[in-house]
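Good morning. I have one structure to go through today, and I will start with the chain as a whole before turning to single residues. Please have a look at it first.

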Amino acid sequence: MVLLGTIVNGLAIIAGTFLGKVMHRIPEKVKTLVLQSIGLAVVILGIQMGVKSEQFLIVILSLLFGSIIGEIMDLDGKLNKLGFWIERRMGSTEEGGIAKGFVTATLIFAIGAMAIIGALDSGLRGDHQVLYTKSLLDGFTSIVLATTLGVGVLFSAFPVMIYQGMIALFATQIEQWIPDPIMDAFIIEMTSAGGIMILAIGLNMLEITKIRVANMLPAILVVALLVAGQYFYYQFAI
C-alpha cells in the first residue's frame with residue numbers, strides 16, 4: 001500500500017497529541033534521552049541507506065552540486081521565511097492557541113528531507129521504513145509540543161498526510177515513463193544520497209552538527225539527471 005507510511009505518520013502525530021494532553025508534565029531528562037535515542041536510530045538508518053550505492057561517484061557529485069544549488073537558492077532560509085509568513089497570516093500569537101500549535105507542528109513535521117525522501121521511498125519502492133522512523137520521531141515530538149502548544153498540534157497531521165501522500169502518489173507514476181534501468185539505478189543512488197541526508201538529520205538531532213539539510217535537497221534531482229545522462233550516454237555510445 002503506497003500510502004501506508006504516510007497514514008501511519010499522520011496517526012502517530014494524532015496519537016502523540018492526545019498523549020501530550022494527558023501527560024501535562026514530562027521530565028526534561030526523559031525528553032532528552034528519548035530524543036537522543038531516536039537520533040541514534042536515525043543515524044543508523046542513514047548509514048544503512050548510505051552504503052547501498054553502486055556508483056558512489058554519482059552520490060558525491062549529486063551532493064556536491066545539489067548543495068551548491070541549495071545554498072544559492074537558500075532553501076533553508078526561504079523555508080524559515082515561509083514559516084514566519086504563515087505564522088503572521090494565521091494571526092495567533094497566544095501560547096497554546098490552536099493556530100500556533102497547528103502552524104508550528106506543521107512546519108516541523110512537513111518541512112524536512114525525511115518527509116520527501118520517505119514519501120519517495122514509499123512510492124518508488126513500497127518501502128516505508130523512513131516514514132516509520134519519522135513517525136516515531138513525529139509522535140514523540142507531538143507529545144512534547146502538545147504539552148505546551150495545545151490541541152492545535154493534532155491538526156498538523158492532515159497537511160502532513162496530504163503533502164507526503166502527493167509525493168508518494170506522484171512517484172508511482174514515474175515508472176510508467178522511465179525505462180527500468182534508469183529507475184533501478186535512480187532508486188539505488190537516490191537511496192544512498194538520501195541516507196546521507198538522513199544521517200545529517202540524526203547528527204543534528206544529537207546536536208553534534210548544525211547541517212542545513214534543506215539546502216542539500218536538490219541533490220535528489222541531480223541524482224536523477226546524472227543517472228539518466230549516464231544511461232543515454234552509454235546507449236548512444238553503443
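Of the 238 residues in the protein chain, 46% are buried, where buried means under 20% relative accessible area, exposed over 50%, and partly exposed in between, with a 1.4 Å probe and protein chains only. This is a predicted model, in which local features need pLDDT of at least 70 and side-chain atom pairs count only at pLDDT 80 or more, while totals for chains, interfaces and linings use all residues. Residues are numbered from 1 along each chain as its sequence is written, and side-chain values use heavy atoms, with hydrogens and water left out.

The secondary structure amounts to 10 helices and 0 strands; helices are DSSP runs of H or I with at least four residues, strands are runs of E with at least two, and both are numbered from the N terminus. The order of elements from the N terminus is therefore α-α-α-α-α-α-α-α-α-α. Among contacts with a separation of 6 or more, 84% join residues 24 or more positions apart, a contact being heavy atoms within 4.5 Å. The accessible surface of the chain is about 12,500 Å², and carbon and sulfur atoms hold 70% of that; the areas come from the Shrake-Rupley method with a 1.4 Å probe, and for residues only the protein chains shown count as cover.

Now the record. The unreviewed UniProt entry places the feature "transmembrane region" at residues 6–23, 30–50, 56–76, 97–120, 140–170, 182–203 and 215–234. Those positions are in the numbering used here, feature names are shortened, and annotations may be inferred rather than shown by experiment. In the model, residues 140–170 are 77% helix and 0% strand, with the end C-alpha atoms 29 Å apart. Residues 182–203 are 100% helix and 0% strand, and their end C-alpha atoms are 31 Å apart.

Next, helix 1, residues 4–22. Helix 1 has 19 residues and spans 27 Å from its first C-alpha to its last, close to the 27 Å expected at 1.5 Å a residue; the expected span is 1.5 Å times one less than the number of residues. Its buried residues include Gly5, Thr6, Asn9 and Gly10.

What does Thr6 touch, leaving aside its neighbours within four places in sequence? Thr6 is in contact with Leu131, Met161, Gln164 and Gly165. Thr6 counts as buried because its relative accessible area is 2%.

Leu131, in helix 7 (residues 129–149), is buried because its relative accessibility is 0%. Beyond four places in sequence, Leu131 touches residues including Gly5, Thr6, Asn9, Met114 and Gln164.

Leu124 sits in helix 6, residues 113–125, and is buried because its relative accessibility is 7%. Its C-alpha lies 8.2 Å from that of Ile174, at a distance of 50 residues in sequence.

Last, the surface. Met1, Leu4, Ile7, Leu11 and Tyr132 form a nonpolar patch with about 470 Å² of accessible area together. Patches take residues with over 30% relative accessible area and no salt bridge, joining like charges within 9 Å and nonpolar side chains (Val, Leu, Ile, Met, Phe, Trp, Tyr) within 5 Å. A salt bridge is a side-chain nitrogen of Lys or Arg within 4 Å of a carboxyl oxygen of Asp or Glu. Helix 1 gives the largest share of the patch, 3 residues. Ile7, in helix 1, counts as partly exposed because its relative accessibility is 32%.
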